[in-house]
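We'll take a slow walk through a few of its parts.

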Amino acid sequence: MPDPSPRSTSTLRQIPRSIWALGLVSLFMDISSEMIHALLPVYLVTVLGASTLTVGFIEGVAEATANLTKVFSGALSDWMGRRKLLAGIGYGLAAFTKPIFALATTIDWMVAARFLDRVGKGIRGAPRDALVADLAPQHLRGASFGLRQSLDTVGAFAGPLAAIVLMTATADAFRTVFWIAAVPAAGAMVLLVFGVEEPKQHGRAAAKPRPRLADVARMGGAFWAVVAVSAMLTLARFSEAFLVLRAQDVGLGVAMVPAVMVVMNVVYALSAYPAGAMADRLGRGGVLIVGISFLVAADLVLALGGTIPLTLLGTAFWGLHLGLTQGLFATLVADTAPPGLRGSAFGLFNLAIGLAMLVASVVAGALWSTYGPAATFLAGAGFTFLSLLGYLVVRSRIRTPSTP
């Protein structure tokens, strides 16, 4: 739970207004996206007749596309000094694609909509994260990323919750829910345009050298150690679509399947900001180790527990892992990357994550189709344990700023 102490309240008040606005933009866009994505795996399998391997492939390609796009948008934001503009283009494209989900009648159209939606996510992701790093005071960097992640994740559980209510009210009318999801996406665009201010140094920046491959060599060993650990962990943390399919597998009804995403994201939202603030005060390493350990626990419970309560417990552990690690990895990227190359650094970081997610989701789908869900989650537990060992090996190379 968030820390209610005066210190925590004071920290929240010190976080710049534009970071709060970016968090709210993420919240509204995630409400829109998760209303669709919480239902999409079941819609693909039960209505359009897709296999779990197809679902894994679609999810892997979608996330890889998003993260590949972040490489270019991040480098472009460093060169242009216009992070808000690129973030706006990305959010706008994602909002534009929402009606396509409601209009699509074939798997091909669904793949196209998912692809374009993830391109939008890719365009906005690295510039937005670099903008948070630019806006946040160094001693509040973990708290700032944690706050944005928490608000983002409130949307990620509000969306599935809205999907449950709407599916129940409309007698499982998937398309109606997909249409309604376009409304909060439009609200996110309005808030971004009027609520987020670009730092003055970016708006008035002189022309910079164009992005070069040589910039990759300037990132340094500490940055690449962060990338390596995160990519290895992503091999263990395949798409959350498999959490939805696991819930259906153990007997949760179609209208209630989004409850899995609600549980995961409630825990995620409640833990992300406290984890970031704790990392600012106590150091990054211990928080990260605990977070990785929770993913091992989540995979084991999801593999061995064949009941709805155990599936929800495993999902809660999964969400706690995300809350303890995802904002922290973004903080570590900001800590270890050269300030003038933060957009490029977030792009490279997300490219590695995207490629790992593609491999992980395809492998997870293949394991599920061939050996069943238990094998999928047991493999995830094994990869997570390996990533924990990898972090312990490179931990000394990841030097982060001391807490003031």
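This is a predicted model: local features need pLDDT of at least 70, side-chain atom pairs count only at pLDDT 80 or more; totals for chains, interfaces and linings use all residues.

Residues are numbered from 1 along each chain as its sequence is written, and side-chain values use heavy atoms, with hydrogens and water left out.

Let's begin with helix H6, residues 107-135. Helices here are DSSP runs of H or I with at least four residues (strands are E runs of at least two), numbered from the N terminus. The expected span of a helix is 1.5 Å times one less than its number of residues. Still, H6 bends by about 30° at Gly125, and a proline, Pro127, follows within four residues. The bend at a residue is the angle between axes fitted to the seven residues ending there and the seven starting there. H6 is also mostly covered, with 21 of its 29 residues buried. Buried means under 20% relative accessible area, exposed means over 50%, and partly exposed is in between (1.4 Å probe, protein chains only).

Now move on to helix H16, residues 308-336. Its 29 residues should span 42 Å, and the end C-alpha atoms are 42 Å apart, in agreement. H16 has a bend of about 25° at Leu322, and 21 of its 29 residues are buried. Look at the N-terminal end of H16 too: Thr307 caps it, with a side-chain oxygen 3.3 Å from the backbone nitrogen of Leu310.

On a 1 Å grid over the protein atoms alone, a cavity is a set of points where a 1.4 Å probe fits but cannot get out, and lining residues have an atom within 4 Å of a point. Helix H14 (259-282) joins H16 in supplying at least two residues each. Gln149, Ala272 and Gly323 are among the lining residues. The lining splits into 4 nonpolar, 4 polar and no charged residues. Here Ala, Val, Leu, Ile, Met, Phe, Trp, Tyr, Cys and Pro count as nonpolar, Asp, Glu, Lys and Arg as charged, and the others, Gly among them, as polar.

Finally, some single residues. Arg246 lies in helix H13 (residues 241-249) and is buried, at 5% relative accessible area. A polar atom of the Arg246 side chain lies 3.2 Å from the backbone oxygen of Gly305. Over in helix H2 (residues 17-37) you'll find Ser33, which counts as buried at 2%. The side chains of Ser33 and Lys98 are joined by a polar contact of 3.3 Å. A polar contact is a pair of N or O atoms within 3.5 Å; within protein, one must be able to donate a hydrogen and the other to accept it, and residues adjacent in sequence count only if both atoms are side-chain atoms.

How values were computed:
On a 1 Å grid over the protein atoms alone, a cavity is a set of points where a 1.4 Å probe fits but cannot get out, and a pocket is an open set with protein on both sides within 12 Å along at least five of seven lines; lining residues have an atom within 4 Å of a point.
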